[in-house]
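Hi there,

Here is the structure I promised to pass on to you. Have a look at it first, and then read on for what turned up.

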Amino acid sequence: MFVIIGILVVVGGIVGGYLMEHGNLMVLMQPAELVIIGGAALGTVFIANPLGTIIRMGKGAIGVFLPSAFSKAFYLDHLKMLNELFQYARKHGAVKLESDIEEPKKSEVFKEVSQVPQQSPCTSLRLRHPADVHHRRRGLI
C-alpha cells in the first residue's frame with residue numbers, strides 16, 4: 001500500500017512542480033527518451049551484477065508489492081521477548097545472561113518464550129556481549 005502511495009507522491013510531485021512553472025505536460029511524454037534512459041539503466045544493471053543478484057533484485061521488486069511476511073503479532077512477540085530478556089539481565093546480571101545465551105535450551109528465560117526462535121536473539125547477543133569480546137581478544141594474542 002505504501003509503495004503505491006509513494007509512487008503517486010513522486011508522480012504528483014513531478015507533475016505538480018512542472019505545472020506550477022506553467023510547463024506543457026506533453027513535453028514530458030517522450031517515448032524515445034524513456035527507451036534510451038530505461039535501456040541504459042537496465043543494461044548497466046545487467047553489466048554490473050551477476051545473474052543471481054539480478055534475479056534477487058527482480059524478486060525484491062515484486063516483493064515490494066506483496067503483503068509483509070511479518071504480522072503485528074510477530075513484532076509484539078519479539079518485543080515481549082526482548083523486554084523479558086532485558087529485565088532478566090537487569091535482575092540477574094550479565095554473567096548469568098552469558099550462560100543463558102551460550103545454552104538457550106537449558107535457560108529458564110528462553111523456556112518462557114515458546115513461539116519466538118531461540119537461535120536468532122542468542123546469536124545476536126553473543127556477538128555483542130562484552131565478555132565475549134574478552135574471549136575473542138584473548139584468542140588473537
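Predicted model: local features only at pLDDT ≥ 70, side-chain atom pairs only at ≥ 80, totals over all residues.

Which residues make up the largest nonpolar core? The answer is a group of six: Leu85, Tyr88, Leu97, Ile101, Val109 and Phe110. Helix 4 (72–92), helix 5 (94–102) and helix 6 (108–111) are the elements that give two or more residues to this core.

Now for the overall picture. Of its 141 residues, 12% are buried. The accessible surface is about 11,300 Å², and carbon and sulfur atoms account for 69% of that. As for contacts between residues at least 6 apart in sequence, 42% of them join residues at least 24 apart.

Next, the aromatic rings. How many aromatic pairs does the structure hold? There are three. A pair of aromatic rings is described by the distance of the centres and the angle of the planes. For Phe74 and Tyr75, those values are 5.7 Å centre to centre and 75 degrees between the planes, an edge-to-face pair. Phe74 has a relative accessible area of 30%, so this residue counts as partly exposed. Tyr75 is partly exposed too, with a value of 47%. Ring pairs also link Phe70 with Phe74 and Tyr75 into a cluster.

Two loop residues are also on my list.

- His22 lies in the loop between helix 1 and helix 2. Its phi is positive, at about 60 degrees, although His22 is not a glycine. With a relative accessible area of 75%, His22 is exposed.
- Asn49 is placed in the loop between helix 2 (31–48) and helix 3 (51–63). Is Asn49 exposed or partly exposed? Its relative accessibility is 25%, so Asn49 counts as partly exposed. Beyond its neighbours within four places in sequence, Asn49 is in contact with Ile54 and Met57.

That is the tour for now. Enjoy exploring the model!

Best wishes

Conventions. Residues numbered from 1 in each chain as written. Heavy atoms only, no water. Core = buried A, V, L, I, M, F, W, Y, C linked by side-chain atoms within 4.5 Å. Buried < 20%, exposed > 50% of the residue type's maximum accessible area, 1.4 Å probe, protein only. Helix = DSSP H or I, 4+ residues; strand = E, 2+ residues; numbered from the N terminus. Contact = heavy atoms within 4.5 Å. Areas by Shrake-Rupley, 256 points an atom, 1.4 Å probe, with all protein chains shown as cover. Phe/Tyr/Trp six-rings, centres within 6.5 Å; stacked < 30°, edge-to-face > 60°.
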